[in-house]
Amino acid sequence: MSNIIEVENLVKRYKELIALDHLTLRIKEGEIYGLLGPNGSGKTTAINCILSLLKYDKGIIKVFNQEMTPTSYKSKENIGVVMQNVAVFEELSVYENIDYFCGLYIKDKVRRKQLVKEAIAFVELEKFQKMRPKKLSGGLLRRLNIACGIAHKPKLIFLDEPTVAVDPQSRNKILEGIQALNKEGATIVYTSHYMEEVEQICTKISIIDHGKNIATGTSEELKQMIKTGETITFSNIMLKPFQLDEIKNIARVFHVQYEDGNLQIKCRRGNHNLIPILDYMKQNNIVFSQVSSKLPTLNDVFLEITGKELRD
Amino acid sequence: MLHLIKYQFMELIRGKEVMFWALFFPIILATLFSLTLTNMSDAESFKVIDVALVESEQHSNSSFSEFIHSLDGKYVTVDLMSEEKSLVLLEEGKVKGVFYDTQVPSLSIQTNGVEQSILSSLLYSYITNEAMILQVMNEHPQQLQSLLESLQQSDSTIREVNMNNELADTSLSYFFSLIAMASLYGGFLGLQKAMLIQANLSSLAARICVAPMRRFPLVIISISSAITVQCTSLLLLLGYIHFILGISLGSNWIHILLTSFIGCILGVCIGYLIGALRITRNMTHNTKTNLVAGCTMLMCFFSGLMSFEMRYLIQQQIPLLNRINPAALIADSLESIVIFNNEQMYYENLVIMIGMSILFISISILITRRQKYDNI
């Protein structure tokens, strides 16, 4: 598959603040590419630069193998954008909004009518097509926002945090919709600070922090990059200081944290990490109320690479 | 393109706030004007007005003196006297105004009222026709008398009014200022549309800016829809004034409509320019809306919306302001064609308005042609 987007050493400064710090991205055709990072990490700035809305200080941006400029109309015809904020006309109905935005791309009336119909069906807003946006719930509004961005059937779709402030049911519908668009052939660039979503739908992920691409790969590849293979947590446990040292010496354990009666043990990748630890607890008659084991998440990846939580 | 104009038109007419300012507010104001001015007209019947004329020895303007004397007995009773005496009589209310025959003729009044407004309009009509009078005095002095007579004729300078059926010319002037204000309220629509093509101002604008459309057609689409809505609103206002309030704006409807149409374009262009300007870094939509409202009200104030004498005063003191104030230009155009039948002045004003519109929209396009922003 060829690269549909190539971003090379992109630098964007806001006076003293470096919003994008030599960011490099290569997005292949057919991917659902996730840009994961906390708020203010530079995800939206990167998208705005790629869309040629924002000036940047340095770097090269190519979309569809063409350098992207504000007058790249040919490339723009094949791009759909779903903004972070709902961007629709309050005074137009659901149908009219989709028809208006589709009309910016599609001149043929008959084809546009068909596309608008399909977009409405895609986001399941058939019952609401005559309603004004202010009468729609948050979830429906987000779906309208998506329909406005994808009605013209673009080959490349940017979705900038499309599920912010959306209830779980609507969120699932949106995520399913994104996967359906991808199956129909669209390449998706998806930004979010919800790691579960990114993990659920993205085929490739870049973790962004302080405008830098700190890691890229599939969800599994990213998890392989870190030391943590498993995190085991004990609740309501009483330990003596020497016991903590002994736990640290158990095979593959590399980090132990004991606080307020809760014990968190991080182990390197390997099978049956829990068994030797449970054996130790049994041999030393250590009681606890609960134990749980968790495989690493993207948050762990982020935490280990940057030293802070994804949602900090 | 028509498809996009249609939706932008619909977006505007469904906007309650926008339509209030563009349509309902002028209608409310017209109703209030009608009630106030008609009552005022009914209350005061027309009679010849006593005035004093003070001639300056050094800078007398004989054409003005002749002009005032030619009105003697018809509209005014003129007494030539010293300044001291005239001021005493003015204070006692024995004369309603004092005309000063100086190089630039002027008028002193003690209070405001219909009679004083008539005196103001007499002076105003002289000032606006002074060049013509002087030219006749210098080149064809024998024709001066007939010119002064023609200036007095009903359709040339001062229309003799029937107080029972029609409003006085001064009252009409308030309506002309109101039409000017309503035209300039197109600024709100222009502003709204200008905000839609600047990606740094809203997500909606950003979404429109990423579409494969050139900037120029986008500007044309947005301006066309704003002008269409504003012209429709103004047509409704004119219809309301004429048919519902029963106020005759004269018979020159084509000229009135042309002025209104160009006034609307100018209003939209002013709003568009304010929308495009980036005076400060964080200028919000609300700040710009207030700026449009403030500028429009200021222009209307100087054009005489709140006080008829204001435009006359500016004509005397800073005439250039009346030539660049869009509200004064619209009101003057209407007045010159409806009251004075002065086509030259009418077309001059129209040309200035068209020139200003082209200038404003060109600046707006120059500013908004920038398609990449430092900050979004």
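**Helices on the chain A sheet**

I started with helix α1 of chain A, residues 43–50, in this predicted model. I found that α1(A) lies across β3 (32–36), β7, β8 (187–192) and β9 (204–209) of chain A. Against β8(A), helix α1(A) runs at about 145 degrees.

Next I looked up helix α6 of chain A, residues 168–183. This helix lies across β3, β7 and β8 of chain A, and its angle to β8(A) is about 155 degrees.

**The sheet itself**

In what order do the six strands of the open sheet in chain A stand? I read the order as β6-β7-β8-β3-β9-β10, with mixed pairing. At the edges I noted β6 (79–82) and β10 (212–217) of chain A; each has a single partner strand, so one side of each is left without a neighbour in the sheet. From one strand to the next, the twist averages 15 degrees.

Strand β7 of chain A, residues 156–160, runs parallel to β6(A), and four bridges join the two. I picked out Gly80(A), whose bridge partner in β7(A) is Ile157(A).

**A helix pair in chain B**

I noted the crossing of α8(B) and α12(B) as right-handed.

Which residues make the contact? From α8(B) I listed Gly187(B), Phe188(B), Leu191(B) and Met195(B); from α12(B), His285(B), Lys288(B), Thr289(B), Val292(B) and Thr296(B). I sorted the residues of this contact into four nonpolar, four polar and one charged.

Technical notes. Residues numbered from 1 in each chain as written. Chains lettered and ligands numbered in written order. Predicted model: local features only at pLDDT ≥ 70, side-chain atom pairs only at ≥ 80, totals over all residues. Left-handed = near helix turned anticlockwise from the far one by under 90°. Contact = placed C-beta atoms within 7 Å. Nonpolar A, V, L, I, M, F, W, Y, C, P; charged D, E, K, R; others polar. Pairing = 2+ DSSP bridges. Axes fitted to C-alpha atoms, helices over the stretch in contact; angles between N-to-C directions.
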